[in-house]
Amino acid sequence: MDHIDLAGALFDESEPEQGTAAAQQALVDTARVDSTLVASSRLNTLLAAVRPHRTAAVEDVRTRAADLAASRPPTAAA
């Protein structure tokens with residue numbers, strides 16, 4: 001999950017190319033996480049970080065993150 005934090009920081013620092021590379025690794029890692037709540041939270045963090053950026057590579061990250069989030073079962077409200 002550290003890759004999501006790294007990606008978010010890189011996007012915040014206007015480094016979309018490096019952020020995209022970290023985000024791609026983060027998506028691979030997130031797909032392996034068993035916790036739906038943790039994965040969903042981290043995916044939302046990543047989606048928020050990429051929001052202001054508009055490149056083809058960032059759009060790929062956005063699409064992959066949204067698809068991964070949609071593939072997770074919804075979490076129950078506590």
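**Entry 1: Glu59 and Arg62**

I began with Glu59, which forms a salt bridge with Arg62, the closest N and O atoms being 2.5 Å apart. I note that the model is predicted. Both residues belong to helix H4 (residues 56-71), and because they are 3 residues apart there, about one helical turn separates them. I then looked up the exposure of each partner. Glu59 counts as partly exposed, at 37% relative accessibility. Arg62 counts as buried, at 15% relative accessibility, because buried means under 20% relative accessible area. I also checked Glu59 against Thr30: the two are 29 residues apart in sequence and 18 Å apart in space, C-alpha to C-alpha.

**Entry 2: the other salt bridges**

How many salt bridges does the count come to? I recorded 3 salt bridges. As a general point, side chains of opposite charge can pair when their charged atoms come close.

I turned next to Arg42, whose side chain meets that of Asp5 in a salt bridge at 2.3 Å, N to O. This pair links distant parts of the chain, with Arg42 in helix H3 and Asp5 in helix H1, 37 residues apart. Is Arg42 buried or exposed? I found Arg42 to be buried, with a relative accessible area of 16%. For Asp5 I noted a relative accessible area of 43%, which makes this residue partly exposed.

I then examined Asp29 and Arg32, whose side chains meet in a salt bridge at 3.9 Å, N to O. I compared this distance with the cut-off, which requires the nitrogen to lie within 4 Å of a carboxyl oxygen. Asp29 is buried, with a relative accessible area of 19%, and the limit for that class is under 20%. Arg32, by contrast, is exposed, with a relative accessible area of 61%.

**Entry 3: a charged patch and Asp12**

Which residues form a negative surface patch? I listed Asp12, Glu13, Glu15 and Glu17. Of these I followed up Asp12, which lies in helix H1 (residues 2-12). Asp12 has 60% relative accessibility and therefore counts as exposed, the class for values over 50%.

**Entry 4: Asp34 in a loop**

Where is Asp34 found? I located Asp34 in the loop between helix H2 (16-31) and helix H3 (36-50). Asp34 is exposed, with a relative accessible area of 76%.

**Entry 5: the whole chain**

I closed with the overall architecture. The protein has 4 helices and 0 strands, and from the N terminus on its elements run α-α-α-α. The radius of gyration is 12 Å, close to the 12 Å that the globule rule gives for 78 residues, so the protein is as compact as a globular protein of that length. I noted that the C-alpha trace spans about 35 × 20 × 20 Å along its principal axes.

Definitions and conventions
Residues numbered from 1 in each chain as written. Predicted model: local features only at pLDDT ≥ 70, side-chain atom pairs only at ≥ 80, totals over all residues. Heavy atoms only, no water. Patch = residues over 30% accessible without salt bridge, like charges linked within 9 Å, V, L, I, M, F, W, Y side chains within 5 Å. Areas by Shrake-Rupley, 256 points an atom, 1.4 Å probe, with all protein chains shown as cover. Lys, Arg positive; Asp, Glu negative; His and termini not counted. Charge placed at Lys NZ, Arg CZ, Asp CG, Glu CD. Helix = DSSP H or I, 4+ residues; strand = E, 2+ residues; numbered from the N terminus. Buried < 20%, exposed > 50% of the residue type's maximum accessible area, 1.4 Å probe, protein only. Rg over C-alpha atoms; globule rule 2.2 N^0.38 Å.
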